[in-house]
Each structure stands twice: as structure tokens, then as C-alpha cells.
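Me: I have a structure open and would like to go through it step by step. Could you help me read it?
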Amino acid sequence: MKPETVTPTTAIPTATSRPSDFLELTKPGITFLVVITTMAGFYFAAREPLSLTLLGHTLLGTALGAAGAGALNMYLERNLDARMRRTSRRPLPTGRMQPEEALAFALSITVAGMIYLFALVNPLTSLLSAITLTSYLFLYTPLKT
């Protein structure tokens, strides 16, 4: 008897895989690089004295926005990801996560990041985050193919 093959429509997430699936949606490596770049920019643009509180708020809001952008990107590219070897094991192509829950998660952290930046950093930073998100999802992402 052959072992059963799990297809994308029958994949069953386990309790231990759920947190890692949500984390994977955020593209943590890219999010980390965005946060490091933001920290460097904040430092070089800061006037003395450096506000560590404002830096912390900026980094947290930026991390939420970047993580949301990564998750929205995975949502938009789920069908393409299923066809590529490098991306076929992501949560959406494998069926470990439903597109609706990925979209809800992505929108939640994206909006949270923008509201956080608006309220605790400044409106311009929130607007720049929204512009970056829009250009990433609707210019860069489609042009990749």
C-alpha cells in the first residue's frame, strides 16, 4: 500500500504549524531588512538628542506595515507561488492556510501599522508607508512576472 499523498486542498494545519505559517506570511527576512534600513535612516536624519521612544514607535509601525505588505504579496501571488518550486511550500499554495484568513491577517497588520504610525509617529510617515505598500503591491509585484 502506498502512503497517502496530501494535496493542497486536503492539507490539514497542525497547532504547531499555525504560528509559523502566519510568521512565514510576513516574510520575516525582508521585514527585518526594512526595519534595519528604517533604523539607519532614522538615526542619520535625527536631530540631537535621539528619541529612543520615537525610534521604537517608528520601528514597530514600520515592521507591522512591512509584514503586512509581505503577507498581502503572498496572498496576491498564491497561484503563481504554487507553480514555482522555491515558493510552492508556502502556507497558501500548500493549503495549510485559506486565502481568506491570510487576507484578513495581512489587512489587519497592515492597517494596524499605518494607524500606529499615524498616531504615535506622524501622519507623513503613515502616508509614506501607504505609498510604499501601494507601489510594492501594484507596481513591483506585477512587473516581476
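Me: Among contacts between residues at least 6 apart in sequence, what percentage join residues at least 24 apart?
Reply: This is a predicted model. In it, 69% of the contacts between residues at least 6 apart in sequence join residues at least 24 apart.

Me: How many helices and strands does the protein have?
Reply: There are seven helices and zero strands.

Me: What share of the residues is buried?
Reply: Of the 145 residues in the protein, 34% are buried.

Me: Which residues have the most contacts inside the largest nonpolar core?
Reply: That core has 14 residues, and those with the most contacts inside it are Leu25, Leu72, Leu92, Met97, Ala102, Leu133 and Leu137. Helices α3 (52–76), α6 and α7 (123–144) each supply at least two residues of this core.

Me: Which helix gives the most to this core?
Reply: Helix α3 does, with five residues.

Me: And what does Ala102 touch, not counting residues up to four places away in sequence?
Reply: Ala102 touches Leu25, Leu92 and Met97.

Me: Back to the helices. At what angle do the axes of α3 and α7 cross?
Reply: They cross at roughly 35 degrees, and the axes come within 10 Å. The crossing of α3 and α7 is right-handed.

Me: Which residues make that contact?
Reply: From α3 they are Ala69, Leu72, Asn73 and Leu76, and from α7 they are Leu133, Tyr136, Leu137, Thr141 and Lys144. By class, the contact of α3 with α7 has six nonpolar, two polar and one charged residues.

Me: Now Thr110. Is it buried or exposed?
Reply: Thr110 counts as buried because its relative accessibility is 4%, and the cut-off for buried is under 20%. Thr110 lies in helix α6, which covers residues 99–120.

Me: What does its side chain reach?
Reply: The side chain of Thr110 reaches the backbone oxygen of Ala106 at 2.7 Å. Not counting residues up to four places away in sequence, Thr110 touches Leu64, Gly68, Ala69, Leu72 and Leu133.

Me: And Thr58, buried or exposed?
Reply: Thr58 counts as buried, at 6% relative accessibility. This residue is found in helix α3. Leaving aside neighbours within four places in sequence, Thr58 is in contact with Thr38, Phe42, Leu117 and Val121.

Me: Changing topic to the loops: where does Arg89 lie?
Reply: Arg89 lies in the loop between α4 (78–83) and α5 (91–94). Arg89 is exposed, with a relative accessible area of 69%. Its contacts, leaving aside neighbours within four places in sequence, are with Glu24, Thr94 and Arg96.

Me: Is the peptide bond from Glu48 to Pro49 cis or trans?
Reply: That peptide bond from Glu48 to Pro49 is cis, with omega near -10 degrees. Pro49 is found in the loop between α2 (28–45) and α3.

Me: What is phi of Lys27 near?
Reply: Phi of Lys27 is near 50 degrees, a positive value in a residue other than glycine. Most residues other than glycine have a negative phi, and most peptide bonds are trans.

Me: Where does Lys27 lie?
Reply: Lys27 lies in the loop between α1 (17–25) and α2. With a relative accessibility of 12%, Lys27 counts as buried.

Note on methods: Residues numbered from 1 in each chain as written. Predicted model: local features only at pLDDT ≥ 70, side-chain atom pairs only at ≥ 80, totals over all residues. Heavy atoms only, no water. Helix = DSSP H or I, 4+ residues; strand = E, 2+ residues; numbered from the N terminus. Buried < 20%, exposed > 50% of the residue type's maximum accessible area, 1.4 Å probe, protein only. Polar contact = N/O pair within 3.5 Å; in protein donor to acceptor, adjacent residues only side chain to side chain. Contact = heavy atoms within 4.5 Å. Core = buried A, V, L, I, M, F, W, Y, C linked by side-chain atoms within 4.5 Å. Axes fitted to C-alpha atoms, helices over the stretch in contact; angles between N-to-C directions. Left-handed = near helix turned anticlockwise from the far one by under 90°. Nonpolar A, V, L, I, M, F, W, Y, C, P; charged D, E, K, R; others polar.
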